[in-house]
Amino acid sequence: MTTATLPVYTRKDFQTDQEVRWCPGCGDYAILSAVQSVFADLGIPREKFVIVSGIGCSSRFPYYMNTYGFHTIHGRAPAVATGIKITRPDLDVWVVTGDGDSLSIGGNHTIHMLRRNVGLKVLMFNNRIYGLTKGQYSPTSEIGKKTKSTPFGTTDRPFNPISLAIGSEATFVARSVDVFQQHLKDTLKKTAAHKGAAYVEILQNCNIFNDGAWEDLTEKDARSEHIVQLEHGKPLIFGKNRDKGIRMNGFDLEVVQLGDGVTEKDLLVHDEKHPRAAYAFLLAHMEQRPGFPTPIGVLRAWDNVPRYEDLIADQIRDVQAKRGKGDLSKLLRTGDTWEVRAQ
Amino acid sequence: MSTTIEAPKRKREVIDQAVIRFCGDSGDGMQITGSQFTNTVALYGNDLATFPDYPAEIRAPAGTLPGVSGFQVHFSSSDVYTPGDAVDALVAMNPAALAVNLADLKKNGILIVNLDNFKETDLRKAQLKVSPLEDHSLDAYRLFTVELTRLTRAALKDLGLDAKSMDRCKNFFALGMCYWLYNRPMDSTTRWLEDKFKKTPQLVQANKLAMQAGYSYCEATEAFQVSYEIPPAKLAPGVYRNISGNTALAMGFVAASNKAGIPLFLGSYPITPASDILHELSGYKDFGVMTFQAEDEIAAVTSAIGASYAGALAITTTSGPGMALKTEAIGLAIAVELPLVICDIQRGGPSTGLPTKTEQADLLQAMFGRNSEAPIPVIAASSPGDCFWVALEASRIALKYMVPVIVLSDGYLANGAEPWRIPNVEDLPEIPVLFETNPEDFHPYRRNSETLARPWAIPGTPGLEHRLGGLEKQDVTGNISYDPINHEHMVRTRAAKVEAIAQDIPDVVPEGDPSGDLLIVAWGSTHGPITAALHAERGKGRRIGHVHLRHLNPLPRNLGEVIQRYKKVLVPEMNMGQLSMILRAKYLVDAIGYNKIQGKPFKQSEIEDKIQELLS
């Protein structure tokens, strides 16, 4: 019996010789570093990785990864990646995108890629601003936000990217934060393990045009009060003293204080495989409610939905099994034919 | 002595050619009727050309003028180049169809109308006050009023069908009449019915009976005193089939994929008149064809770019409005130098325009419709069967030069059909494809010195990991570069690469006179009427040549020299003069445009008139 040797890589093997040109202090550096070290540990040959991006600061990502990389056009990365994945299901294809690229100009491709369950991993860096075009509001900017293009504040209601992904029937939806390196790496590993379409929102700071984008969540003192870490099979507990929890109340959630007769047993236990969309929606919308924490971690991981590229390949196999492999000569002669003889 | 009195024997006249048009409501099955008649005359060995003409509305209100659908067949014992300028026999299923189509019927032509559909309400729907059957407006034609509906019902009365189902068979009654009129057997249509309705034998029976009833009606009633016989054409020996442009394109790409030894990927979004290519290719799973009906035109082309990046023969199919949406992505394919074939099945525009009508007004869009300097090879098909060869040629160029290529067809070619000599698969040219595999000193933009093509290094190949993108790249290394000199070098290199293709395409050889008074330069679906007009006018002693361009970018190397050999240059186009503009710019020639923008192909007579005008 022979066993295939798994390639041994370090983070360095995934670095390129290109100078990284993000602004000093940009959250993208931390994400790049996490992705490089996670890729090194996946046991996948380097040539099997393809990173596809659109346009925006985040979309420079492929140039800094020593894998196959394709920096495409604004918003279209999911469609380019779909073409790659249909053609070569064996490749490990990652899409790197931002809030503008994925949710504005590329919104259509994002939702359709998710509903089809194409086996792509999407890393959506959300800094709630247009960075590369120097500071206009994005589809995730808070309403009222003053930006270059909204000197009197935005009048747009923002997208909740997690909610949108769930509504698009995404089979894997997760959220992490640029500065939570360990959480980010763990989330990326879970993402890598998912077979179908994975949508990961990475909260990321833009220290030039939207500094402190996620301050409420990342500030040392605030983070435990404002974030709940989702873990499959574990109750939803948060707070500096881990003394608050989330409980079901009828068809809604409520924040409860532990103690005074309320114990962990009363709390909602996270089920990332929960078959009802409503469950993940409830979690996704907590952040918009006063007093509720923002969930990070894996919100949904459905592993029972077939991948799009596999369905296409299966259909081809089935038809070939039934009809045999196509014969070009026969194809050209389909329908009525007649012969003209030499006279 | 007594003699028996007999009816005079009905005549069977042998003629050279005929043009027949079936027209009716878009729900009357005119496209099927026309296709069946086409198949039957093709099997008999006539040369032919067809012109299906249908409304954009799926079902405009029944019986109205906008709802009229028509199918014209020109069949002959000699070469056929066009569906015919004027019609010898017109079958009109209702007053609206008659009103729309009568102008094209020749004087003394055969006119068959369904009398049952000429009631007051039918006339009102067609906006007619007086029945044309009664006001002597049809006196110049051989009018046959037939109770198609009543007679069809009578023929089917024993089948137990409801009235609506029976009425849906009346087109086959009309078809049966035409088979009698042109002495054609009904067996190929019978076979088709048996296959088409194999799950509902009652419908096979009903349509067969209706067709036979139509045939027998002519036989029995002696309504027609003459029937016609058109002997088979002298086509080049070989096995033939009927083929439409869209089917030919689809098969051409399957053939190209087969000859290149790589899988075919189609990314497409439904659009008239290109959708049939998607329909066709989605049925070829046995050839491993991957078809992706994308969420929009942009995803259609970008998915194809992804497929190409991953090593497939990637194509996308669309029409003008879709081309507009694909513009930015085509620029990306040019920048990253990946092979891709973009098929634009042109229709009337701008905007939504005339979705079901033909035009060739996307030439300049194909040539220049992208931001910045973004040259791209453009080739055009000239007949339905030619679409097959154009698909192969476009694939060859795309794969050899690592470029996107635009194929121009149009609604007329897409839906029109002609007999097509089926090539032997072994005789089709091989299309060599070489994926880069050698990591030693690999650079993604190191070019082949002859073709200037960069290597095709597909993901999954160890040691060739590299990055591509729409940002300007340094030549050879492919690294991002904002260096001014490098940018100019890259712009010129991309242009030179397209220009180099001129070395790899044949010189043009004019049809007709190699020099003389007039050269007609044209492209695309105008080939038929121009060829027919050329033959007719040269027959009168005029010295005319005709160059029909397949390669529009780059143009054939000797075109400028050929143009010099004639006193005048005429450029007929179904646009406002787009090729004229290119020829004028490139060769400083006084190209005279002849422009028709009516959603309809040129008639032979129109081209002839123009030739006469220029040479008199």
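Reader: Which residues does Tyr199(A) touch, leaving out those up to four places away in sequence?

Author: In this predicted model, Tyr199(A) touches Leu114(A), Val122(A) and Met124(A), and also Ala165(A), Ala170(A), Phe172(A) and Val173(A); two residues are in contact if their C-beta atoms, placed from the backbone, lie within 7 Å.

Reader: Before we go on, what are the ground rules?

Author: Residues are numbered from 1 along each chain as its sequence is written, while chains are lettered from A and ligands numbered from 1 in the order in which they are written. As this is a predicted model, local features need pLDDT of at least 70 and side-chain atom pairs count only at pLDDT 80 or more, whereas totals for chains, interfaces and linings use all residues.

Reader: OK, and which residues have the most contacts inside the largest nonpolar core?

Author: Those are Tyr199(A) and Ile305(B), in a core of 261 residues. A nonpolar core here is a set of buried Ala, Val, Leu, Ile, Met, Phe, Trp, Tyr and Cys residues joined through C-beta atoms within 7 Å, and buried means that 20 or more other C-beta atoms lie within 10 Å of the residue's own.

Reader: Which helix gives the most to this core?

Author: That is α14 of chain B, residues 386–401, which contributes ten residues; helices are DSSP runs of H or I with at least four residues, strands are runs of E with at least two, and both are numbered from the N terminus.

Reader: Switching to chain A as a whole, how many helices and strands does it have?

Author: Chain A has eleven helices and twelve strands, its C-alpha trace spans about 100 × 50 × 45 Å along the principal axes, and 44% of its 343 residues count as buried.

Reader: What domains are assigned in chain A?

Author: The assignment, which is automatic or from a database, gives domain 1 (11–234 + 270–309) and domain 2 (236–269). Their centres, taken over C-alpha atoms, are separated by 28 Å, and 13 residues of domain 1 of chain A are in contact with eight residues of domain 2 of chain A.

Reader: Which elements give two or more residues to the domain 1 side of that contact?

Author: In chain A these are α8 (220–226) and β7 (227–230).

Reader: And where are the domain bounds in chain B?

Author: Chain B is divided into domain 1 (11–228), domain 2 (241–422) and domain 3 (511–615). The C-alpha centres of domain 1 and domain 3 of chain B lie 36 Å apart, and their contact takes four residues from domain 1 and seven residues from domain 3.

Note on methods:
Buried ≥ 20, exposed ≤ 12 C-beta atoms within 10 Å, placed from the backbone.
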